[in-house]
Amino acid sequence: MGGFTVGAGYARYRGPATDSAMHAHAAFQIAIAVRGEVALVDAAGVEHRAAALVVPPMVRHRMLAAPRLHTWFIEPQSTFAADLRRRYGPGIAPAEDLPALRRPDLGPSAVLDPRLLAALEFLRHGTRTMPEVAAAVGLSPQRLRALARDQLGLPLPRWRVWAGLARAAEALRAGQALAEAAATAGFTDQAHLTRRMREMIGLTPAAVLPALRSQPHRPVTPPAELPARRDPPRRPRSPAAVLPALPDQPVRRPT
């Protein structure tokens, strides 16, 4: 059985992959084959294969079946996401040089407008409307939406959905039933949650529930810095072996 973890600034899945529906998420995806290659198909029907693939936010694609993958979702406002954006560009790209990314910084990127960063945090909790969030950070709703598109490459409503899915995942991992988790995360009902999750990650809550429940529900304080690797490998290693295991830390509950 695979494992699904939601942490501060990221989510991670380890396990088998089945053919998914076409979808686009509000985070960078790094899909890493434990053995061989990972494969996905983009919206134009082009198949991409590599030991590791990077998919930017809002790029439609579907995963092809694989016996075991390590899949990371990196929120787009982090310094690590800015590095991915600069390194791999706007489309699906092979990440054969992933070993160079040994200390991902999941803190907020210094190149982003601080008002946008503040708005993302408000939306993460799901307790304010878009006009209220815009007013709280001193922008008009139109300017705030434009800023998100310019600097992150995604519409703010998609980020709101992504944040809601993270809250739902944490509620499910804590033991809530699907309908209860949907209400906790701000979705109108279980069908709404299912529809949004399929649109965003190509899977349903029922499909990810066993992986979520397999993980312990405990907060872990992340270290100030990810540990450096001491000894270089004597032989080439798969990308899955060099991307560090980030600390598990549940997303915050809505206030």
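Tutor: Helices (H or I, at least four residues) and strands (E, at least two) are DSSP runs, numbered from the N terminus. Please keep in mind that this is a predicted model, in which local features need pLDDT of at least 70 and side-chain atom pairs count only at pLDDT 80 or more, while totals for chains, interfaces and linings use all residues. Residues are numbered from 1 along each chain as its sequence is written, and side-chain values use heavy atoms, with hydrogens and water left out.

How is a pocket found? The search uses a 1 Å grid over the protein atoms alone: a pocket is an open set of points with protein on both sides within 12 Å along at least five of seven lines, a cavity is a set of points where a 1.4 Å probe fits but cannot get out, and lining residues have an atom within 4 Å of a point. Grid points are joined across faces, edges and corners, and a volume is the space filled by probe spheres set on the points. The second largest pocket holds about 420 Å³ of space. It is lined by 21 residues, and those closest to its centre are Tyr13, Pro16, Ala17, Leu203 and Val208. Helix H8 gives the most to this lining, with 4 residues.

Strand E2 covers residues 10–17 and is joined to E1 by 5 bridges, with the two running antiparallel. One of these pairings links threonine 5 with its bridge partner in E2, arginine 12. Both strands belong to an open sheet of 6 strands, in the order E1-E2-E8-E3-E6-E9 with antiparallel pairing; two strands pair if DSSP finds at least two bridges between them. At the edges lie E1 (3–7) and E9 (93–94), each of which pairs on one side only. Helix H1 (residues 79–88) packs on this sheet, where it touches E3 (28–33), E6 (52–55), E8 (66–74) and E9, and its direction makes about 75° with that of E3. Helix H5 lies across E1 and E8, running at about 120° to E1. For such angles, axes are lines fitted to C-alpha atoms, for helices over the stretch in contact, and angles run from 0 to 180 degrees between N-to-C directions. Contact itself means heavy atoms within 4.5 Å.

The largest cavity has about 180 Å³ of space. Among its 16 lining residues, Phe4, Ala11, Trp162, Leu165 and Ala166 are the closest to its centre. E1, E2, H5 and helix H7 (190–201) each supply at least two lining residues, and H5 gives the most, with 4.

Buried means under 20% relative accessible area, exposed over 50%, and partly exposed in between (1.4 Å probe, protein chains only). The largest nonpolar core has 46 residues, and Phe4, Leu116, Leu144, Leu156 and Trp162 have the most contacts inside it. Helix H5 (residues 156–173) provides the largest share of this core, 10 residues. A second, separate core of 14 residues includes Phe28, Val54, Trp72 and Leu84.

Leaving out residues up to four places away in sequence, Trp162 touches His25, Ala26, Ala27, Phe73, Glu75, Met200 and Ile201. Glu75 sits in the loop between E8 and H1, and it counts as buried because its relative accessibility is 5%. Arg158 is found in helix H5 and is buried too, because its relative accessible area is 17%. Arg158 and His25 are 133 residues apart in sequence, yet 7.8 Å apart in space, C-alpha to C-alpha. With the sequence neighbours up to four places away left out, Arg158 touches Ala24, Ala26, Met58, Arg196, Glu199 and Met200.

How values were computed. A nonpolar core is a set of buried Ala, Val, Leu, Ile, Met, Phe, Trp, Tyr and Cys residues joined through side-chain atoms within 4.5 Å.
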